[in-house]
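Good morning, and thank you for joining. May I ask you to bring the sequence and the structure up on your screens.

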Protein chains: 2
Amino acid sequence: MKKPLILITNDDGVFAPGLRKLIEIARKIGKVVVVAPDTPMSGMSHAITVKTPLRLKKLAEEKDYIEYSCNGTPVDAMKLGEKIVIQGKPDLVLSGINHGSNASVNIVYSGTMAAVLEASIDGIPAIGFSLLDYSHTADFSAVDEFITPVIKSVLEKGLPEGTCLNVNIPAVKKEEIKGIKVCRQAKGRWEEVFDERTDPHNREYFWLTGVFKNGDAAKDTDSWALANNYISIVPVHFDLTAHKAISVLKKWKMDV
Amino acid sequence: MKKPLILITNDDGVFAPGLRKLIEIARKIGKVVVVAPDTPMSGMSHAITVKTPLRLKKLAEEKDYIEYSCNGTPVDAMKLGEKIVIQGKPDLVLSGINHGSNASVNIVYSGTMAAVLEASIDGIPAIGFSLLDYSHTADFSAVDEFITPVIKSVLEKGLPEGTCLNVNIPAVKKEEIKGIKVCRQAKGRWEEVFDERTDPHNREYFWLTGVFKNGDAAKDTDSWALANNYISIVPVHFDLTAHKAISVLKKWKMDV
């Protein structure tokens, strides 16, 4: 069988250990092209770079492997990988392994998942992986045996049109992981807390911080799965339409 | 009746004519707080600022009106408005009027709509307005009579839980606008074209450009409504789950 071509990016930047682990896993499965941001891009969501020029820097080239950094966002990196490096569609786009959760509402802020959504907009099967440990020294040693079958399943079966996968892995020992749950995105949100300070010139400034609030007790969610030591897989898409609200709004008389 | 408190932001920046028009309209309806980015932030999507401190600058204060700029993204601006300026929930968040379309897949990249989604995550009714004219000198003179009834309807009726509105207005003369269509987000995408150049130091760089491709011929979409001189209103939400795909994936055997 022909080796699949896998494009990899992330939002923690090209030197993140999570990216290195994903590259290691993917190279056992196929040919790999990496285009990742040259600096950490957490919280960049689906941002694209239109005001400044983009640059690519080749970092490595070996048999069935090529690696670039770029000065853009994760979405820019995915687009550059597809259009400039590969000049065609890869068989699969992978993003991550993110240092920290992209479950529940975190997906909205995530650069890792934005790159995955961007790939699916372009009709390419795509998977984002995240480990629920924010630290640079997060332990990725247990993830291989969970990630490999997910990648192989998607390569073999494809994904429903316009759908990509958001895979989150609890930060527990391998033997404590109970299995995989396919679930929906939990309703949660960040309650912002601005840390207010005064600079040496006596001007006020703010650091954005926050506390995550899970407002969803149901058991069919990613938050529940992760809290109960399951790996969560949420199929996601880029149709933001609240379809159920259409009939409600159609009854309103807003026409002039 | 007590005047509603309306928080306004945008992604074209605090000096954009579209924002000025929206402020003018909103001040006829309620008390208005403006917090808008100090520079244009198009394409910033749902990005948040966590690596640098945020600052607010008061630009104006009058009866029932206060205006700030901030050095953050549209989502930062919305959060600063709620948590620092108002220190509570406004009755309504408005964003725009965006210079250019946020219909179809544009919503994914839009800072204007990200601020609206962020408000709805926080449980605040919110509406984003966009005019299909990218130019700084876009003609906003015809929009009042279409925007005002939408704002008043939402203030009066509220919105279904977790839902906000994406309103796009065709760039045609007032008398050519046929009315309002409540619709779904069209399936479309940008086909990227990287403009490749060489800098004076002989290094390659790229400008991200693209062409929008509407891949959706159905008549219940925002793209159809706008092409036929209707104002489009799409109810949107932040649940990215592809619910129909859950049953498909549950049949897969990905467990180790």
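Residues are numbered from 1 along each chain as its sequence is written, and chains are lettered from A, with ligands numbered from 1, in the order in which they are written. The model is predicted: local features need pLDDT of at least 70, side-chain atom pairs count only at pLDDT 80 or more, and totals for chains, interfaces and linings use all residues.

In chain A, an open sheet holds 9 strands in the order 3-4-2-1-5-6-7-11-8, with mixed pairing. Strands here are DSSP runs of E with at least two residues, helices are runs of H or I with at least four, and both are numbered from the N terminus. Two strands pair if DSSP finds at least two bridges between them. At the edges stand strand 3 (56-62) and strand 8 (179-182) of chain A, each pairing on one side only. From one strand to the next, the twist averages 20°. For angles, axes are lines fitted to C-alpha atoms, for helices over the stretch in contact, and the values run from 0 to 180 degrees between N-to-C directions. Strand 1 and strand 2 of chain A run parallel and are joined by 4 bridges; in strand 2, Val33(A) is the residue opposite Leu7(A).

Which residues of helix 1 of chain A are buried? In this helix, residues 17-27, they are Gly18(A), Leu19(A), Lys21(A), Leu22(A), Ile23(A), Ile25(A) and Ala26(A). A residue is buried if 20 or more other C-beta atoms, placed from the backbone, lie within 10 Å of its own. Their cover includes strand 1 (5-9), strand 2 (31-37), strand 5 (92-99), strand 6 (126-131) and helix 5 (144-157) of chain A. Contact means C-beta atoms, placed from the backbone, within 7 Å.

Helix 4 (residues 111-121) of chain A lies across strand 1, strand 5, strand 6, strand 7 (164-169) and strand 11 (230-236) of chain A, at about 170° to strand 6.

Let us turn to the pair of chains. Helix 7 (residues 243-250) of chain B lies across strand 8 and strand 11 of chain A, running at about 130° to strand 11 of chain A.

Conventions
A residue is buried if 20 or more other C-beta atoms lie within 10 Å of its own, exposed if 12 or fewer, and partly exposed in between; C-beta atoms are placed from the backbone. Two residues are in contact if their C-beta atoms, placed from the backbone, lie within 7 Å.
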